[in-house]
Amino acid sequence: MNSRLLKEWTQLNKNGNKYYLCPIEENNMTHWQSEFDGPNNSPYRGHKFTLYLDIPSNYPMSPPKVRFKPYSMPHANVNWKTGAVCLDILESM
């Protein structure tokens, strides 16, 4: 297990985990899920969103792969079929 990831998880819970970010499997820190509400002053107000994070073994040298739960995020930069975030800057990392 990545000690950096465990340290960040511990710190997050120590400070309060307001985004409900947690590992999906108890013994696997590489697949996480997050749930959060849409911002109040936006068209997404009242919506609940789910994100999935796949954290590579060489984290933090490589960023996590992030995707929304399919069909939950009507946005130009989110693939509505797969939930993948579609930004060129993320692909070049």
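Two strands are taken as paired if DSSP finds at least two bridges between them. In this predicted model, L21 has S34 in β2 as its bridge partner.

Figure 1. The protein contains two helices and four strands, which follow one another along the sequence in the pattern α-β-β-β-β-α. Of its 93 residues, 27% count as buried. Among contacts with a separation of 6 or more, 17% join residues 24 or more positions apart. The protein exposes about 7,000 Å², and 54% of that area is supplied by carbon and sulfur atoms.

**Figure 2. Helix α1 and the residue that follows it.** Helix α1 covers residues 3–15, 13 residues in total. From the first C-alpha to the last, α1 reaches 18 Å, close to the 18 Å expected at 1.5 Å a residue. G16 comes after α1 and has a positive phi, near 100°.

**Figure 3. The β1–β2 hairpin.** Strands β1 (21–25) and β2 (28–37) form a hairpin with two residues between them. The pairing of β1 with β2 is antiparallel and extends over four bridges. Within this pairing, S34 in β2 is the bridge partner of L21.

**Figure 4. Strand β3 and its pairing with β2 and β4.** Strands β2 and β3 run antiparallel and are joined by seven bridges. Shown for this pair are F36, whose bridge partner in β3 is F49, and E35, which stands opposite T50 in β3. Strand β4 (residues 65–68) also pairs with β3 in the antiparallel sense, over four bridges; here Y52 stands opposite R67 of β4. β3 is mostly covered, with five of its seven residues buried.

Figure 5. The C-alpha atom of F49 is separated by 7.4 Å from that of K69, although the two residues are 20 residues apart along the chain.

**Figure 6. The largest nonpolar core.** This core has 14 residues, of which L5, W9, M29, W32, L53, I55 and F68 touch the most other members. Helix α1 and strands β1, β2 and β3 each supply at least two residues of the core. The largest share, three residues, comes from β3. In soluble globular proteins, nonpolar side chains tend to be buried together. For L53, one of the core residues listed above, contacts beyond its neighbours within four places in sequence are made with L21, T30, H31, W32, S34, P64, K65 and V66.

**Figure 7. Q33, a buried residue of strand β2.** Q33 lies in β2. The relative accessibility of Q33 is 18%, so this residue counts as buried, given the limit of under 20%. The side chain of Q33 makes a polar contact of 3.1 Å with the side chain of E35. When residues up to four places away in sequence are not counted, Q33 touches Y20, L21, C22, I24, T50, L51 and Y52.

Notes
Residues numbered from 1 in each chain as written. Predicted model: local features only at pLDDT ≥ 70, side-chain atom pairs only at ≥ 80, totals over all residues. Heavy atoms only, no water. Expected span 1.5 Å × (residues − 1). Core = buried A, V, L, I, M, F, W, Y, C linked by side-chain atoms within 4.5 Å. Buried < 20%, exposed > 50% of the residue type's maximum accessible area, 1.4 Å probe, protein only. Contact = heavy atoms within 4.5 Å. Polar contact = N/O pair within 3.5 Å; in protein donor to acceptor, adjacent residues only side chain to side chain. Areas by Shrake-Rupley, 256 points an atom, 1.4 Å probe, with all protein chains shown as cover.
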